[in-house]
Amino acid sequence: MNSGRILAIFQKDYKEFMRNMMLFTSVLIPIILALFFSRVGVSAGADMPNEIVTIMVGVVFSAVLFSSMMTMMAEENEKDTLRGLLQSPATIIDIIIGKSMVVSLMTVISLVASMFVMNVEGFWTIENSGGLLLLGIFFLNLGIGIGLIVKSVATTSVYLIPVMFIFGFTPYIEMIITDEDHIVRVVAEYLPLYQNYFILNGEGDLSRFLILAAWAAVSFVVVIWAFSMKKKDE
């Protein structure tokens, strides 16, 4: 791992991110949605419901962190430039860290701006920040893994939609299925975003962080699997 190469990759991808309207727009979408919620979703003087706050977190992490990382990796695959990068002095770790720094920066900007627009109080606690970190690792690794196996940017939408609905909009399940004992509701409560919802509600016992850590570990397995598939293709 070389800090100079990582910085060079970061600077290159940052400029490309800002020029790519699809990627740049993804940062703005959660902020616009947050503005919508702040104007029509809550009556004057009322606090933003934690369900809405958690959904906004899911939107940011799926639409910005996951989607951007997947798109950037897929773009390298489509242009066949990833092979060239791997043959350069930069290692795959340098490449991934450099790209991850770009999408992580954009994710933080989008998340902070969204929470500010919605005027969410008590969001940046140590417990919630720890949960967000684990959630971010999950979405980032998922983006890297899927980005390595897709052949073109156009095919990323095939993966983006189900990931957003399953992992990004999880609390919406309560609006569709009202029975708390329904099997879908029971299973959904073990998904990563729900753990952040519980933590935000002050129910962040150790089990919530262990579940998030388990999902983060699963995402690392996805990355390792994607690397093995990539090597077979080559």
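This is a predicted model: local features need pLDDT of at least 70, side-chain atom pairs count only at pLDDT 80 or more; totals for chains, interfaces and linings use all residues.

Reader: Fine. How many helices and strands does the chain have?

Author: Eleven helices and zero strands. Helices (H or I, at least four residues) and strands (E, at least two) are DSSP runs, numbered from the N terminus.

Reader: What does UniProt say about transmembrane regions?

Author: The unreviewed UniProt entry places the feature "transmembrane region" at residues 21–40, 52–74, 95–118, 130–150, 157–177 and 206–227. UniProt positions are in the numbering used here, feature names are shortened, and annotations may be inferred rather than shown by experiment.

Reader: How much helix is there over 95–118, and over 130–150?

Author: Residues 95–118 are 96% helix and 0% strand, with the end C-alpha atoms 35 Å apart. For 130–150 the figures are 95% helix and 0% strand, and the ends are 31 Å apart, C-alpha to C-alpha.

Reader: Now the inside. What share of the chain is buried?

Author: 47% of the 234 residues. Buried means under 20% relative accessible area, exposed over 50%, partly exposed in between (1.4 Å probe, protein chains only).

Reader: Which residues touch the most others in the largest nonpolar core?

Author: Met118, Phe123 and Phe139, out of 57 residues in that core. The elements giving two or more residues to this core are α1 (3–19), α2 (21–41), α3, α5, α6, α7 (156–168), α10 and α11 (206–233). α3 gives the most, with 14 residues. There's also a second, separate core of five residues, including Ile55, Val59, Ala63 and Phe169. A nonpolar core here is a set of buried Ala, Val, Leu, Ile, Met, Phe, Trp, Tyr and Cys residues joined through side-chain atoms within 4.5 Å.

Reader: What does Phe123 touch?

Author: Not counting residues up to four places away in sequence, Phe123 touches Val53, Val57, Leu111, Met115, Asn128, Leu132 and Leu200. Contact means heavy atoms within 4.5 Å.

Reader: Where does Val120 lie?

Author: In the loop between α5 (92–117) and α6. Val120 is buried, at a relative accessible area of 19%. With residues up to four places away set aside, Val120 touches Val53 and Met115. Val120 and Asp47 are 73 residues apart in sequence and 7.4 Å apart in space, C-alpha to C-alpha.

Reader: Switching to Asp13: buried or exposed?

Author: Asp13 counts as buried, at 1% relative accessibility. Asp13 sits in helix α1, and its contacts, leaving aside neighbours within four places in sequence, are Met72, Glu76, Lys99 and Val102.

Reader: And Leu135, what is it in contact with?

Author: Val57, Phe61, Pro192, Leu193, Asn196 and Leu212, again leaving aside neighbours within four places. Leu135 is part of helix α6 and is buried at 0% relative accessibility. The C-alpha atoms of Leu135 and Val57 are 9.6 Å apart, though 78 residues separate the two in sequence.

Reader: Why call α10 largely enclosed?

Author: Because nine of the nine residues of α10 are buried, the helix is largely enclosed by the rest of the structure. Among them are Pro192, Gln195, Asn196 and Ile199. Just after α10, Gly202 takes a positive phi of about 85°.

Reader: Last topic, holes. How many cavities of 30 Å³ or more are there?

Author: One cavity of 30 Å³ or more, and the largest cavity has a volume of about 40 Å³. On a 1 Å grid over the protein atoms alone, a cavity is a set of points where a 1.4 Å probe fits but cannot get out, and lining residues have an atom within 4 Å of a point. Grid points are joined across faces, edges and corners, and a volume is the space filled by probe spheres set on the points.

Reader: Which residues line the largest cavity?

Author: Thr54, Val57, Phe123, Asn128, Leu132, Asn196, Tyr197 and Leu200. α3 (50–78), α6 (126–149) and α10 (192–200) each supply at least two of the lining residues, and α10 gives the most, with three.

Methods: Residues are numbered from 1 along each chain as its sequence is written. Side-chain values use heavy atoms; hydrogens and water are left out. On a 1 Å grid over the protein atoms alone, a cavity is a set of points where a 1.4 Å probe fits but cannot get out, and a pocket is an open set with protein on both sides within 12 Å along at least five of seven lines; lining residues have an atom within 4 Å of a point.
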